[in-house]
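Thanks for coming. I have one model to go through this morning, and I will keep it short.

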Amino acid sequence: MTLTDEARQALERQRTVEISTIGRRSGQPRRTEIWRYRAGGRYWLTGSPGSRDWYANMLAHPEFTLHLADLDLPVRGRPVTDPDERAMVFGEIVPALTWAESLESWIAGSPLMEIELGALLD
């Protein structure tokens with residue numbers, strides 16, 4: 001499968017997306033609405049500081065479905081734990097969020113997952 005022009009446009013256009021993960025304990029699908037970000041030319045999922053079920057689910061089962069408009073894309077999540085990479089990504093994301101707490105609090109306590117498009121890329 002390749003990432004079609006339609007999928008590229010939807011991914012660029014939609015900041016609010018839905019994801020389907022597999023529950024880490026239940027093994028059941030879980031659908032969650034979340035914001036998609038772009039930084040460093042790549043796509044990311046994150047949230048304000050704190051624990052998140054979607055993140056824990058993706059740590060256990062990194063494959064998930066990214067729902068865009070009428071498209072369901074099978075993708076993989078890559079957790080970002082390296083402090084320098086987290087600082088780079090959040091350094092692009094957080095300043096644009098007028099409601100966000102400090103950059104330092106996001107680097108220290110927010111979940112951060114890269115959306116790996118993998119085989120979907122041309």
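First, the conventions. This is a predicted model, in which local features need pLDDT of at least 70 and side-chain atom pairs count only at pLDDT 80 or more, while totals for chains, interfaces and linings use all residues. Residues are numbered from 1 along each chain as its sequence is written, and side-chain values use heavy atoms, with hydrogens and water left out.

Now the fold. The protein chain has four helices and six strands; these are DSSP runs numbered from the N terminus, with helices being H or I of at least four residues and strands E of at least two. Read from the N terminus, the order is α-β-β-β-α-β-β-α-α-β. The radius of gyration is 14 Å, close to the 14 Å from the globule rule for 122 residues, so the chain is as compact as a globular protein of that length. That radius is taken over C-alpha atoms, and the rule is 2.2 Å times the number of residues to the power 0.38. Along the principal axes, the C-alpha trace spans about 40 × 35 × 25 Å.

Of the 122 residues, 41% count as buried, where buried means under 20% relative accessible area, exposed means over 50%, and partly exposed is in between (1.4 Å probe, protein chains only). Among contacts with a separation of 6 or more, 63% are between residues 24 or more positions apart; a contact means heavy atoms within 4.5 Å.

On to the cores. A nonpolar core here is a set of buried Ala, Val, Leu, Ile, Met, Phe, Trp, Tyr and Cys residues joined through side-chain atoms within 4.5 Å. Which members of the largest one touch the most other members? Of its 20 residues, they are Ile19, Leu45, Trp54, Phe64, Leu66, Leu68 and Ile115. Two or more residues each come from helix 1 (5–13), strand 1 (16–22), strand 3 (42–46), helix 2 (53–60), strand 4 (63–68), strand 5 (71–79) and strand 6 (112–116). Apart from this core lies another, of twelve residues, including Val80, Val89, Ile93 and Ala100.

Leaving out residues up to four places away in sequence, Leu68 touches Ala7, Ala10, Leu11, Gln14, Val17 and Leu73.

Ala69 has a phi near 45°, a positive value in a residue other than glycine. In general, most residues other than glycine have a negative phi. Ala69 counts as exposed because its relative accessible area is 57%.

Then Arg24, in the loop between strand 1 and strand 2 (29–39). Is Arg24 buried, exposed or partly exposed? Partly exposed, because its relative accessibility is 33%. With residues up to four places away in sequence not counted, Arg24 touches Asp53, Ala56, Asn57, Ala60 and His61. One of these, Ala60, lies in helix 2 and is partly exposed at 42%. The C-alpha atoms of Ala60 and Arg24 are separated by 5.6 Å, although the two residues are 36 apart along the chain.

Last, Asp5, in helix 1. Asp5 is exposed, with a relative accessible area of 57%. Between the C-alpha atoms of Asp5 and Arg42, 37 residues apart along the chain, the separation is 16 Å.

That is the end of the talk.
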